[in-house]
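Welcome, and take a moment to look over the model shown here.

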Amino acid sequence: MKKTLLLLFFSLVSISNAQSKYTGFFELSTPKKVWVIFHPFKAKKAFRISEETNKVSDSIKKTNVLDKDASGGQVDAFRHAFWMARLRQELGKSAARSLGKAHERENYKTFKKRKLEDGSVPDEISSVMDLHNNEQGLALVVKDEKVSQKELIIRIINAIKSGKMKIIKKDSKGNFLTCEGIVISPKSLKGKWKNNKCLIASNPKT
C-alpha cells in the first residue's frame, strides 16, 4: 500500500510539473493515468517527447515531403512513428509500446464521448493504423541509440515512402474510400466505431 501511494505521489508531481496542456494528473484519461502510475519517473520525459513530436510533425506537414494529411495520411503515420521511436530511444521499448496502447484505449473513450482527434472522431481502423505505425516506429531505433533528430526523421520518411507504414485510403478531395475505391459518405461514418474505410500501404502512388 505504501509503495502504491509513493508511486502515485511521484506521478502527480511529474504530471503537474511537466504538462502545460493538462491541468494535472486528474485531467488525464484513465489509460494514461494508469501508465503514469506504473512509470512515474518517465512521465516528464514522455510529455517532453510528445511535445517534440507535435512540433516536428507540424513542421513536416508544412513541407511537400509527405502528403500534408495529419488525419489518416502520411503525416499521421509520421507522427506516430516518430513518437514511438523517440520514446523507445529515451524510455525503452516496453514503456513506449504501453504508452502507445494507452493512447489508443484513450481514443476509444474519445469516440464514445464524440470528441475530436486531429479533426475527426477516432474509429477502429484509425486505431489499427496507429498501432501498426507505432510498431514501425519502435523498430527504427533502440534505447540510448545515438541518432540525431534529422537522421530519425529521414529514417521515418524513407519507411513511409517504401510502404512500410499504413494510411487510410482517400481520394484527391480528402474523401474516405472503400477498398474498391467507392466514396464513403460522411453521414454513414457518424457514430460508428467499425466502418468500411480501407487501410493501405503508405506509398499508394509507387
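## A first look

Read from the N terminus, the elements of the protein follow the order α-α-α-α-α-α-α-β-α-β. That makes 8 helices and 2 strands, where helices (H or I, at least four residues) and strands (E, at least two) are DSSP runs numbered from the N terminus. This is a predicted model, in which local features need pLDDT of at least 70 and side-chain atom pairs count only at pLDDT 80 or more, while totals for chains, interfaces and linings use all residues. Residues are numbered from 1 along each chain as its sequence is written, and side-chain values use heavy atoms, with hydrogens and water left out.

Of the 206 residues, 46% count as buried; here buried means under 20% relative accessible area, exposed over 50%, and partly exposed in between, using a 1.4 Å probe and protein chains only. Among contacts (heavy atoms within 4.5 Å) with a separation of 6 or more, 65% join residues 24 or more positions apart.

## The interior

In soluble globular proteins, nonpolar side chains tend to be buried together. A nonpolar core is a set of buried Ala, Val, Leu, Ile, Met, Phe, Trp, Tyr and Cys residues joined through side-chain atoms within 4.5 Å. The largest one has 27 residues, and Phe78 and Ile156 have the most contacts inside it. At least two residues of this core come from each of helix H3 (43-61), helix H4 (74-91), helix H6 (124-138), helix H7 (149-161) and strand E1 (166-168). Leaving aside neighbours within four places in sequence, Phe78 touches Val56, Ser57, Ile60, Leu66, Ile153, Ile156, Ile157 and Ile160.

## The disulfide

The structure holds 1 disulfide, meaning a pair of cysteine sulfur atoms within 2.5 Å. Cysteine 179 and cysteine 198 form it, with their sulfur atoms 2.1 Å apart. The torsion about their S-S bond is about 100°, so the disulfide is right-handed. The two partners compare as follows.

| Residue | Relative accessibility | Class |
|---|---|---|
| Cysteine 179 | 47% | partly exposed |
| Cysteine 198 | 4% | buried |

## A pocket

Which residues lie nearest the centre of the second largest pocket? They are Asp67, Gln74, Ile167, Pro204 and Lys205, out of 21 lining residues. The lining divides into 5 nonpolar, 8 polar and 8 charged residues. Here Ala, Val, Leu, Ile, Met, Phe, Trp, Tyr, Cys and Pro count as nonpolar, Asp, Glu, Lys and Arg as charged, and the others, Gly among them, as polar. On a 1 Å grid over the protein atoms alone, a pocket is an open set of points where a 1.4 Å probe fits, with protein on both sides within 12 Å along at least five of seven lines, and lining residues have an atom within 4 Å of a point.
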